[in-house]
Amino acid sequence: MAFRLSVASRTGAAVLGGYALAHALPVALLALLAVPPSEGALAAIQLSFLVHVAAILWCFAARSATRAWAGLLIPALLSSALGWAVL
């Protein structure tokens with residue numbers, strides 16, 4: 001039963017935490033760069049796919065479900081705060 005809960009938690013982290021990180025990180029990175037808005041939007045969309053795939057891989061490579069959640073939510077919160085502060 002513990003194994004199933006761990007897999008369910010990692011899946012939740014991959015879906016929810018990966019989604020949060022995939023939207024926050026590209027915005028924060030592009031907010032720091034001086035690019036035209038149209039190019040920035042396109043780059044953010046493309047980068048978000050790579051970030052989400054990396055987040056999914058991270059969730060199932062982490063030692064525990066707690067580390068998987070922390071490894072996604074902490075950077076997502078920091079990226080959101082940075083993007084909000086810069087924009």
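Me: Is Ser48 buried or exposed?

Reply: Buried means under 20% relative accessible area, exposed over 50%, and partly exposed in between, with a 1.4 Å probe and protein chains only. Ser48 has a relative accessible area of 14%, so Ser48 is buried. Please keep in mind that this is a predicted model, in which local features need pLDDT of at least 70, side-chain atom pairs count only at pLDDT 80 or more, and totals for chains, interfaces and linings use all residues. Residues are numbered from 1 along each chain as its sequence is written, and side-chain values use heavy atoms, with hydrogens and water left out.

Me: Which residues does Ser48 touch, not counting residues up to four places away in sequence?

Reply: Contact means heavy atoms within 4.5 Å. With that sequence exclusion, Ser48 touches Ala22 and Pro26.

Me: In which helix is Ser48 found, and which residues of α2 are buried?

Reply: Helices are DSSP runs of H or I with at least four residues, numbered from the N terminus. Ser48 lies in helix α2, where Gly40, Ala44, Val51, Ala55 and Cys59 are buried as well as Ser48, and what covers the buried residues of α2 includes α1 and α3.

Me: Which residues make up the largest nonpolar core?

Reply: A nonpolar core is a set of buried Ala, Val, Leu, Ile, Met, Phe, Trp, Tyr and Cys residues joined through side-chain atoms within 4.5 Å. The largest one here has 11 residues, namely Ala13, Ala14, Leu21, Ala22, Val51, Ala55, Cys59, Ala62, Ala68, Leu72 and Ala76. At least two residues of this core come from each of α1 (2-32), α2 (37-61) and α3 (65-86).
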